[in-house]
Amino acid sequence: DPDVLSSALNGLAVAFKYNHQLHQSLEAYKAALIASERATPLLRSRVYAGAASMFASSGLKQEAFRLIGLAYEHFPAHPENDPYFSSADNGLFMLAYYKGLLYLALEQPGEAMLAFESYKHLTDVQTVPERNRLEILNHQGQTAILLGDLDVYRSCLEKGVVGALAI
């Protein structure tokens, strides 16, 4: 089943990423890309977005931009109609998140900040899971440090702490 396989490989790639095993994450994303060719558009979009970030981290800039473009292109107009919607952990907020990570990997913090902020204009912020919103906020704080904007960093840190305690 290409849907189950691409979703599982995507999850494996994310687990490797969080364990700082970037080579293994990249390899899992490569396998997920192949499996997702026949997956639903929502799952395919999610794989493209995550892979784009990992490809950027691996120095594959052109491929990273191609993949993030495909992630947006394949994102369905009505993701709630996808049979895997409730388990896909994907929305336009995640595309913005991965686009931000892509730019961070390419050492373009100004573009990263714009990407992280873009989710607020792409989707109903109320529908973004709190853990995802906080993850974006944490990366915005990291980006603010790179930009030398300590006021934005402080704001992100304070909001992040409040959110973490609430969770």
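**Pocket and helix contact**

Guide: The largest pocket has a volume of about 340 Å³. Keep in mind that the model is predicted.

Visitor: Which residues are the closest to the centre of that pocket?
Guide: Lys17, Leu22, Ser57, Leu101 and His139 are the closest, out of 13 residues that line the largest pocket.

Visitor: Where does the largest share come from?
Guide: From α5, which gives four residues to the lining of the largest pocket.

Visitor: And by class, what is in that lining?
Guide: Seven nonpolar residues, five polar and one charged.

Visitor: Change of topic. At what angle do the axes of α1 and α2 cross?
Guide: The axes of α1 and helix α2 (residues 22-35) cross at roughly 165° and come within 8 Å. Angles over 145 degrees count as roughly antiparallel, so that is how α1 and α2 run relative to each other.

Visitor: Is the crossing left-handed or right-handed?
Guide: Left-handed, as α1 passes α2.

Visitor: Which residues make the contact?
Guide: On α1, they are Pro2, Leu5, Ser6, Leu9, Asn10, Leu12, Ala13, Val14, Phe16 and Lys17. On α2, they are Leu22, Gln24, Ser25, Ala28, Tyr29, Ala31, Ala32 and Ala35.

Visitor: How many of those are nonpolar, polar and charged?
Guide: The contact of α1 with α2 has 13 nonpolar residues, four polar and one charged.

Technical notes: Residues are numbered from 1 along each chain as its sequence is written. This is a predicted model: local features need pLDDT of at least 70, side-chain atom pairs count only at pLDDT 80 or more; totals for chains, interfaces and linings use all residues. Side-chain values use heavy atoms; hydrogens and water are left out. On a 1 Å grid over the protein atoms alone, a cavity is a set of points where a 1.4 Å probe fits but cannot get out, and a pocket is an open set with protein on both sides within 12 Å along at least five of seven lines; lining residues have an atom within 4 Å of a point. Grid points are joined across faces, edges and corners, and a volume is the space filled by probe spheres set on the points. Helices (H or I, at least four residues) and strands (E, at least two) are DSSP runs, numbered from the N terminus. Ala, Val, Leu, Ile, Met, Phe, Trp, Tyr, Cys and Pro count as nonpolar, Asp, Glu, Lys and Arg as charged, and the others, Gly among them, as polar. Axes are lines fitted to C-alpha atoms, for helices over the stretch in contact, and angles run from 0 to 180 degrees between N-to-C directions. Angles under 35 degrees count as roughly parallel, over 145 as roughly antiparallel, 65 to 115 as roughly perpendicular and the rest as oblique. A crossing is left-handed if the near helix is turned anticlockwise from the far one by less than a right angle, and right-handed if clockwise. Contact means heavy atoms within 4.5 Å.
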